[in-house]
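This report describes selected helices, helix pairs and loop residues of one protein model. Please consult the sequence and the structure below while reading.

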Amino acid sequence: MNRLPLRARVLSECFRSKSLDPVAVVEHSLAQIECHKHLNAFVRVSSEKALEQAKQSKDRHDANSPKSVIDGVTIAVKDNFCTKGIHTTCASRMLQNFIPTYDATVVERLQAHGAVIVGKTNLDQFGMGSGCIDSIFGPTRNNWSEDTNDDRFRIAGGSSGGSAVAVAAGLCYAALGSDTGGSTRNPASYCGIVGLKPTYGLVSRHGLIPLVNSMDVPGIMTRTVDDCASMLNAVAGPDVYDSTTVKRPFESIAPLEKQMSLKGVRIGIPIEYHCDGLEKEVLETWTVIADMLESAGATVKAVSLPNTASSIFVYSILNQCEVASNMSRYDGIEYGHRSQEDSSTEQLYARTRAEGFNGVVKNRILSGNYFLLRENYDKYFQKALKVRRLIADDFVRAFKEVDVLLTPTTLSEAPLYKDFVQSNNRDQCAVQDFCTQPANMAGIPAISIPIRLSSRQLPISLQLMGDHFTERNLLQVASWIEKQVDFVANYS
């Protein structure tokens, strides 16, 4: 087969014109997944189901009645979303034999729009990490790596690293990730693709195995902003199975303007994001795009988010408290792996959890339970909630002055695996998620878009953040930047 279109919307046009058909595209995708097994993006490939869905899509296109613009488009799903009849492991021994009897709402809606699910992707165990290296299936390798052998490869970013690599390497057109502190935007940045974290409550969490209920958001990963909008249209909206979704119907985002005017658009540059550890090339990229926006007629001004420096500490406390609560269900009796040792109930709990969880998960459970002790509750958990409110208020004030915030996504290009593993998981997350996790604390939408390659030929991306439920405006500004830099055309 000749090289496929890079954009899902273009692929959809090819289906309509009959120059391509979904079965051939899915067969090509499955062949590419096999060819790129060394990247370890997928933990499970659903070949039979994908081909069946592709045949159904072909029939619809032959009858000129596709369900949507993503009908027949290949999509990967992070392995912490439930998929009916397909293992959902969270990359942990605790759930390695779990086969859900239902689909997560986002998966169900994608399939209702005709999307083809080609498989499940790798992640850090239960989504706890920023490198996609803490998985029972082994680390995922960034397809931009100079060398993918041994420990010389570049990390994919986490925790949705498998989904990011699946899209970046051309194994599928889009993927679902989850975003608790940057887990969609971080790997999107390192892998040179688009990563969207919608407003909290815009997309259902039903069927997403929880990490931090108050911050988890299903994320979208694509090559282009326009494709991201198409995916969002398919999955967003209220859900009776998730009480945290907004109750009003979602208004689909129309095709983004090709010639948008930036006059009157107010862009904020948060001064606190110019932080220690920000690499020179990332700073230069940030400056160039800010100047580009201003030259095009936008108003660009510095703004202050004074509680940014406290955000990572607050995030760590609240994350670990909710992890301790969520992981308590995995006791060897009700859910997940069960130790085969004959023992007392207490010993069964201990052995099951010792065998089922890795060190990262155990550390977060222990830390969370410590913060939630009666003598520590007010000192840590309650104070963290108060500072979280201050962080959210910073964004409220900022969006009275500006429409969109422009920041780095990550402080650097993708690190080498051998360098990344030298520090512990908590330190990694503190550095890698510095720019991303405040958006989760406030529940606002944010998107990472690739801009250019560094001197080492690795992607550098920037992040846009907007006020609650301003996804259309956010995507429109992101699309304008995307058209100026044309990353997909220049570096694919």
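## Basis of the description

Helices (H or I, at least four residues) and strands (E, at least two) are taken as DSSP runs and numbered from the N terminus. The model is predicted, so local features need pLDDT of at least 70 and side-chain atom pairs count only at pLDDT 80 or more, while totals for chains, interfaces and linings use all residues. Residues are numbered from 1 along each chain as its sequence is written, and side-chain values use heavy atoms, with hydrogens and water left out.

## Helix α1

Helix α1 covers residues 8-17, and its buried residues (under 20% relative accessible area, against over 50% for exposed and partly exposed in between; 1.4 Å probe, protein chains only) are Ala 8, Leu 11, Ser 12, Cys 14 and Phe 15. Seen down the axis of α1, these residues fall within an arc of 160°, so they line one face of the helix; the arc is that of the directions from the helix axis to the C-beta atoms. An α-helix has 3.6 residues a turn, so residues three or four places apart point the same way.

The buried residues of α1 pack against α2 (22-35), α3 (47-62) and α7 (225-235), where contact means heavy atoms within 4.5 Å. After α1 comes Lys 18, which has a positive phi near 70°.

The 16 residues of α3 should span 22 Å at 1.5 Å a residue, and its end C-alpha atoms are 22 Å apart, which agrees. The expected span of a helix is 1.5 Å times one less than its number of residues. Ala 50, Gln 53, Ala 54, Ser 57, Arg 60 and His 61 are buried in α3. They cover an arc of only 115° around the axis, which puts them on the same side of α3. Glu 48, Lys 55 and Asp 59 are exposed on the other side of α3. The packing partners of the buried residues of α3 are α1, α2, α4 and β3. Asn 64 follows α3 and has a positive phi near 55°.

The axes of α2 and α3 cross at roughly 155° and come within 7 Å. That makes α2 roughly antiparallel to α3. Axes are lines fitted to C-alpha atoms, for helices over the stretch in contact, and angles run from 0 to 180 degrees between N-to-C directions. Angles under 35 degrees count as roughly parallel, over 145 as roughly antiparallel, 65 to 115 as roughly perpendicular and the rest as oblique. The crossing of α2 past α3 is right-handed; a crossing has this hand if the near helix is turned clockwise from the far one by less than a right angle, and is left-handed if anticlockwise. On the α2 side, Pro 22, Val 23, Val 26, Glu 27 and Leu 30 meet residues of α3 that include Ala 50, Ala 54, Ser 57 and His 61.

Helix α9 (residues 308-327) packs with helix α12 (residues 377-401) at an angle of about 135°, their axes being 9 Å apart. α9 and α12 are therefore oblique to each other. In this pair α9 passes α12 in a left-handed crossing. Residues making the contact include Val 314, Ile 317, Leu 318 and Cys 321 of α9, and Phe 381, Leu 385, Arg 388 and Ile 391 of α12.

Helix α10 (residues 345-356) has 12 residues and reaches 16 Å from its first C-alpha to its last, close to the 16 Å expected at 1.5 Å a residue. Leu 348, Thr 352 and Gly 356 are buried in α10. They cover an arc of only 40° around the axis, which puts them on the same side of α10.

## Loop residues and backbone geometry

The loop between β2 (74-78) and α4 (105-112) holds Gly 85, which is exposed with a relative accessible area of 53%. Leaving aside residues up to four places away in sequence, Gly 85 touches Ile 99 and Pro 100. Ala 91 is also found in the loop between β2 and α4; Ala 91 counts as buried at 0% relative accessibility and has a positive phi of about 55° although it is not a glycine.

Cys 132 lies in the loop between β3 and α5. Cys 132 has a positive phi of about 55°, although it is not a glycine, and is buried with a relative accessible area of 0%. Ser 159 is placed in the loop between β3 (116-121) and α5 (161-168), and a cis peptide bond with omega of about 5° joins Gly 158 and Ser 159. Most residues other than glycine have a negative phi, and most peptide bonds are trans.
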